[in-house]
Amino acid sequence: MRRFWLFQNAPEGLPKRRQALFWLWNGGVLLLAGLCLGLLSLFFAYGDYPDTLMKTYFRHPLIVVLNLVPVLLALLTAYGLFGRPWLAFLSADLVVWGLSLGNYYKLRFRDDPLMFQDLKNIRDAAGITLEANYDLTPDKRVWFGLLCLLFGTAFLLCLVRGTLRKKPRLAVLLLAAVLWIPVLKVCADDDIYKNKTQNFDLINRWSSTQVYLSKGFVYPFLHSVGEGRLKPPEGYRTAEARALLDQYTPQNIPEERKVDLIFLQLEAFSDFSRLGGVEGIDFEKAYGTYHALEAESYTGNLVTNIFAGGTINTERAVLTGYADQWNYRENTNSYAWYLGDQGYAVEGSHPSYDWFYNRKNVNRYLGLPTYYFYENRYQDLWSQGLAPDSVLLPEIFRLYEANRDGEGRPYFSFNVTYQGHGPYSTEEVWRGEHFTDGRYSPETANIVDNYLGSVMDTAEQLRLLMDRFRAEERPVVLAVFGDHQPWLGDGNSAYHELGVNLDTATEEGFYHYYSTRYLLWANDAAKQALGNAFTGEGPDVSSCFLMNLLYDLLGWQGGRWAQATAEIWRELSVLTTVGRYVQAGGQLTGTLDESGQAALERYRKMEYFYGTNFQYD
């Protein structure tokens, strides 16, 4: 069959009519193969969400076009590079389907889509996957995709063999390059992405994950290319943004108010006893110690931009005061730089690997010159893997003691735990503690028991740490907060079985999805120095404004950024990157009034200027 004239490598010697049919066959089948590859990417675009989502793509033809055209261009580019249909298809499908498969598994395990900036952390993702022991066993959809790609490659190898010579290949490459320009421009267009490709048929418009997958995969992935960097807001002018900040005069911290600050970001720590309607769980056993600590602290809801993953978003938002986060590649203004300039010793700990999220470099860019990781400290303290809180928290105190008994400078320690990191086993209970009463499935019961066992232990380690600081003569303030809600089963299975409302279109569901708790505690020496009891229920606050709240309690004014954002915070206590806000004394909303919108625009301008002009004076 391969000897038939239509399936040869070249049409030389054939009549012109057959030459035309030869290239029509090769071009047509290659085009069809590209369309199939694009459709296959749509088949994987929605992860574990209902299959009916794929039907919604075809109700919005522009979504289909924007997903298929880039795949066809990728195939055309590969054909120009290699000149062989089967090799062009194989290389294109390794890229397109490889990314689609990564997106599929990421949605399944973390309810979080694959975005372009995630490729910069691909090593981190591989490490997390190995540590977490995710089940990557191919399911029927994966096997189907693999068989399609194998069949397509084999078919092209045997029956579509038209090979391009050098000059035609250059022409094809030039054509592809010219076509990529308008296609990428359209994919990057925010108006098209936000308005002209709306597909809210079966998804929650307030879920950034669902909005992403509602547009397929290839198109939103290409749109995300520019989202890893901070973009100037519409109408931005440098002089105007500088003038907004220059209204304020940087203030030093009064010597009598310089207290030691210990920050503890607790991995996936959340108070499930505050979830309404969940029965059959002994929350008092799990959270009794933590609630006792809350009773002697200033506490409230911390509203984040993330769910079940994305630790660095909260971490860096707190540290910088920026709602938007980007790929930090150089020194960038932060609260840590300010405290260092005020004479503070600045350091911190995270008992995981220094290459996770590039913390080894980024922490320095954000003003944390000394940072302790698994490699340079914790592997020597714990031989059984990544150090739990029973190792980390006592070590945080020892580092505090080393500064206290050494240089004795005021001390700022910014720490991120690892112990609560999911996933949690569905097959056994690691710590032997049970909190569920038997009404839930074994898988859900094991997940919840493992999670709450970790929570209970973390609270106990936190109590022990506070007791040690309680006895200190130096004034010490602790800021403790969770970074995001925990992973509770693939596709949020345990949340669903527990009956937890995660519908972010409702206020209850939004807070269940995006909020954790903060706890601000002071020892007696700090209370006396600051004239503040540090008790009571505080306001809901975004992670980017947590430092403003703390400064207010400390009686600090801070630099220009702290003073300017304090005014924004008083107008918009909750400012998220998912389009939801809380204005002063108001309710959760997606629509701001005139003053709220003006505050948001002012914040965005200052954020861009301050985030891109290091240590401006």
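Me: In which helix do R463 and D467 both lie?
Reply: In this predicted model, the side chains of R463 and D467 meet in a salt bridge, at 2.8 Å from N to O. An α-helix has 3.6 residues a turn, so residues three or four places apart point the same way. R463 and D467 are four residues apart, about one turn, and the helix that holds both is α18 (residues 442–470).

Me: Is R463 buried, partly exposed or exposed?
Reply: The limits that matter here are under 20% relative accessible area for buried and over 50% for exposed, with partly exposed in between. D467, the salt-bridge partner of R463, has a relative accessible area of 31% and is partly exposed. For R463 the relative accessibility is 28%, a value that lies between those limits, so R463 counts as partly exposed.

Me: Which parts of the chain does the salt bridge between R570 and D552 tie together?
Reply: R570 forms a salt bridge with D552, and their closest N and O atoms are 3.2 Å apart. The two residues belong to separate helices and the pair therefore ties together parts that are 18 residues apart in sequence, namely helix α23 (residues 560–571), which holds R570, and helix α22 (residues 546–554), which holds D552.

Me: Which residues do salt bridges that share partners join into one network with R463?
Reply: A search of the whole structure finds 30 salt bridges, and the contact of R463 with D467 is one that has been described above. Through shared partners, salt bridges join R463 into one network with E296, E460, D467 and R470.

Me: What is the relative accessible area of D405, the salt-bridge partner of R404?
Reply: R404 and D405 form a salt bridge in which the closest N and O atoms are 2.8 Å apart. R404 is partly exposed, with a relative accessible area of 24%. D405 is exposed, and its relative accessible area is 57%.

Me: Which helix packs on the open sheet of three strands?
Reply: The three strands run in the order β10-β11-β12 with antiparallel pairing, and the edge strands, each pairing on one side only, are β10 (572–575) and β12 (588–589). The helix touches β10 and β11, and its direction makes about 90° with that of β10; this helix is α23.

Me: What is the bridge partner of V582 in β12?
Reply: Strand β11 (residues 581–583) and β12 pair in the antiparallel sense over two bridges. Within β12, the residue that forms the bridge with V582 is L588.

Me: How many residues does the second, separate core have?
Reply: The largest nonpolar core has 70 residues, of which L261, F263, F412, F414 and V477 touch the most other members. Leaving aside residues up to four places away in sequence, F414 touches F263, L368, Y371 and F481, among others. The second core is separate and includes A387, Y440, Y495 and W521, and its number of residues is 62.

Me: Which helices do the buried residues of α1 pack against?
Reply: Helix α1 (residues 16–44) has 29 residues and reaches 42 Å from its first C-alpha to its last, close to the 42 Å expected at 1.5 Å a residue. Its buried residues include F22, V29, L30, L37 and F44. The helices that the buried residues of α1 pack against are α2 (52–58), α3 (61–82), α4 (85–110), α6 (140–159) and α10 (218–223).

Notes:
Residues numbered from 1 in each chain as written. Predicted model: local features only at pLDDT ≥ 70, side-chain atom pairs only at ≥ 80, totals over all residues. Heavy atoms only, no water. Salt bridge = Lys/Arg side-chain N within 4 Å of Asp/Glu carboxyl O. Buried < 20%, exposed > 50% of the residue type's maximum accessible area, 1.4 Å probe, protein only. Pairing = 2+ DSSP bridges. Contact = heavy atoms within 4.5 Å. Axes fitted to C-alpha atoms, helices over the stretch in contact; angles between N-to-C directions. Core = buried A, V, L, I, M, F, W, Y, C linked by side-chain atoms within 4.5 Å. Expected span 1.5 Å × (residues − 1).
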